[in-house]
Amino acid sequence: MSYLQNWFSAGTATPPSSSGSDQKNKRTIPGSFVVEDEHDDGSETETEDDLPPAFPSLSSAQRASAPAPANDAKIPTVPSDSMLMPPPPIPSPANATSSGLRSSTRVASSSLLAPLATTQRPPKPSKKVALAPGFGPLDWAKLKSSGEDLRGVDTLLRVPPSVLKSHNKKQDAWTAINGKVYNITPYLPYHPGGEKELMRVAGRDGTKLFSLTHAWVNVDFMLDSCLVGFLAPEPSS
């Protein structure tokens with residue numbers, strides 16, 4: 001009996017004594033153990049921040065194997081215009097040889113080829129004559145816009161050199177410039193260089209002479225109302 005009494009007395013748990021403040025936050029289960037109160041007022045996490053954890057972790061194998069960033073690493077920048085390849089130098093007129101100019105003039109003598117690209121005035125300008133009153137540049141522009149027939153033909157023609165050659169009179173003057181045939185008869189009294197100078201190209205191809213003396217003039221606009229047709233090769237027999 002004494003043995004059983006000692007065994008029961010040892011197996012019974014005695015709740016520990018606590019002070020007044022600790023007693024409020026704890027509840028005791030008889031014969032077992034003490035259970036802490038589950039109420040949490042958040043005082044232990046007041047000093048923690050809300051930032052998310054670092055990824056990968058600071059002590060992870062990924063961070064340990066990554067190479068260390070160089071101290072002198074620079075952010076790549078877009079190259080500016082000054083860093084790019086400079087443009088080629090502009091060719092100067094002094095580099096052009098006289099033989100080159102003669103060859104280009106010789107090639108452009110055919111009206112079926114492209115006109116000369118030069119826009120420089122000749123060193124010795126052509127002489128101008130005094131025009132009669134009412135025959136100035138503004139008067140010619142007014143005549144073109146008046147609607148008067150300055151072509152002399154009903155439709156555009158294919159003009160071979162033999163046909164062009166027959167129109168060489170002052171009352172019937174045609175010329176070819178850059179492959180286009182114009183009736184220059186109504187423009188004769190308006191020509192700043194005089195009728196005699198313009199008649200030099202009547203009845204023939206005047207591209208070469210026009211390029212040497214009036215390369216900067218827009219002939220397509222000046223004589224658009226006088227267009228007769230286009231220069232064509234002689235028909236085969």
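Mentor: A charge is said to sit over a ring if NZ of Lys or CZ of Arg is within 6 Å of the ring centre and within 35 degrees of the ring normal. This is a predicted model, in which local features need pLDDT of at least 70 and side-chain atom pairs count only at pLDDT 80 or more, while totals for chains, interfaces and linings use all residues. Residues are numbered from 1 along each chain as its sequence is written, and side-chain values use heavy atoms, with hydrogens and water left out.

Trainee: Over the ring of which residue does the charged end of Lys144 sit?

Mentor: The ring is that of Phe221, and the charged end of Lys144 lies 4.2 Å from its centre.

Trainee: How many aromatic pairs does a search of the whole structure find?

Mentor: Rings of Phe, Tyr and Trp (its six-membered ring) pair if their centres lie within 6.5 Å; planes under 30 degrees apart count as stacked, over 60 as edge-to-face and the rest as tilted. The search of the whole structure finds three such pairs. One of them joins Trp140 and Tyr187 edge-to-face, at 4.9 Å centre to centre with 65 degrees between the planes. Helices (H or I, at least four residues) and strands (E, at least two) are DSSP runs, numbered from the N terminus. Trp140 lies in helix H5 (residues 137–144) and Tyr187 in the loop between strand E6 (180–183) and helix H7 (195–198), so this pair ties together parts that are 47 residues apart in sequence.

Trainee: What kind of pair do Trp140 and Tyr190 form?

Mentor: Their pair is tilted, with 5.1 Å centre to centre and 50 degrees between the planes. Tyr190 is in the loop between E6 and H7, 50 residues apart from Trp140 in helix H5. Ring pairs link Phe135, Trp140, Tyr187 and Tyr190 into a cluster.

Trainee: Is Trp140 buried or exposed?

Mentor: Buried means under 20% relative accessible area, exposed over 50%, and partly exposed in between (1.4 Å probe, protein chains only). Trp140 counts as buried because its relative accessibility is 3%. Tyr190, at 11%, is therefore buried too.

Trainee: With which residues is His167 in contact, leaving aside its neighbours within four places in sequence?

Mentor: Contact means heavy atoms within 4.5 Å. On that basis His167 is in contact with Asp172, Ala173, Trp174, Ala202 and Gly203. His167 belongs to the loop between helix H6 (161–165) and strand E4 (168–169), and is buried at 14% relative accessible area.

Trainee: What is the phi of Asn178?

Mentor: Most residues other than glycine have a negative phi. Asn178 has a positive value, near 55 degrees. Its place is in the loop between strand E5 (172–177) and E6.
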